[in-house]
Amino acid sequence: MNDRCFVEQIATNDILLHVTNVCSMCYAFLEEGANIYYDMHHYRYLCESCKEELASQMNEECEIESDDVGLFV
Ligand SMILES: [Zn+2]
């Protein structure tokens with residue numbers, strides 16, 4: 001887990017109105033007061049489940065490592 005790759009925030013009305021009100025990956029609606037996660041490497045907000053999924057694919061540098069591409073190239 002590389003939780004430090006994300007900034008945990010509470011979805012405020014301000015964020016929802018001016019930045020985004022949907023998760024950038026699954027497009028789920030973000031509700032006011034929900035925990036949301038700012039992906040510092042990709043400049044986007046994610047819901048908690050997408051953050052978890054992405055974090056599990058990231059290396060120490062917060063880069064997304066793919067386990068099914070490039071292994072045998
Ligand atoms: Zn999501």
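Biologist: Why is Val7 called exposed?

Modeller: Val7 has 12 C-beta neighbours inside 10 Å, and a residue with 12 or fewer is exposed, so Val7 counts as exposed. The model is a predicted one.

Biologist: Where does Val7 lie, and which residues is Val7 in contact with, leaving aside neighbours within four places in sequence?

Modeller: Val7 is part of strand 1, residues 6–10. Apart from those neighbours, Val7 is in contact with Tyr37, Tyr38 and Met40. Between Val7 and Ile36 there are 8.2 Å from C-alpha to C-alpha, with a separation of 29 residues in sequence.

Biologist: What makes Tyr27 exposed?

Modeller: The cut-off is 12 or fewer neighbours. Tyr27 has 11 C-beta neighbours inside 10 Å, and therefore counts as exposed. Tyr27 sits in the loop between helix 1 (13–18) and strand 2. Its phi is positive, about 60°, although Tyr27 is not a glycine.

Biologist: And why is Tyr43 called exposed?

Modeller: Tyr43 counts as exposed because it has 8 C-beta neighbours inside 10 Å. The loop that holds Tyr43 runs between strand 2 and strand 3. Tyr43 is not a glycine, yet has a positive phi of about 55°.

Biologist: Which residues are in the largest nonpolar core, and which elements give two or more residues to this core?

Modeller: That core has 12 residues, including Phe6, Ile36, Tyr37, Leu46 and Leu54. Strand 2 (35–39), strand 3 (44–46) and helix 2 (48–55) each give two or more. Not counting residues up to four places away in sequence, Leu46 touches several residues, among them Ile36, Tyr37 and Leu54.

Notes: Residues numbered from 1 in each chain as written. Predicted model: local features only at pLDDT ≥ 70, side-chain atom pairs only at ≥ 80, totals over all residues. Buried ≥ 20, exposed ≤ 12 C-beta atoms within 10 Å, placed from the backbone. Contact = placed C-beta atoms within 7 Å. Core = buried A, V, L, I, M, F, W, Y, C linked by C-beta atoms within 7 Å.
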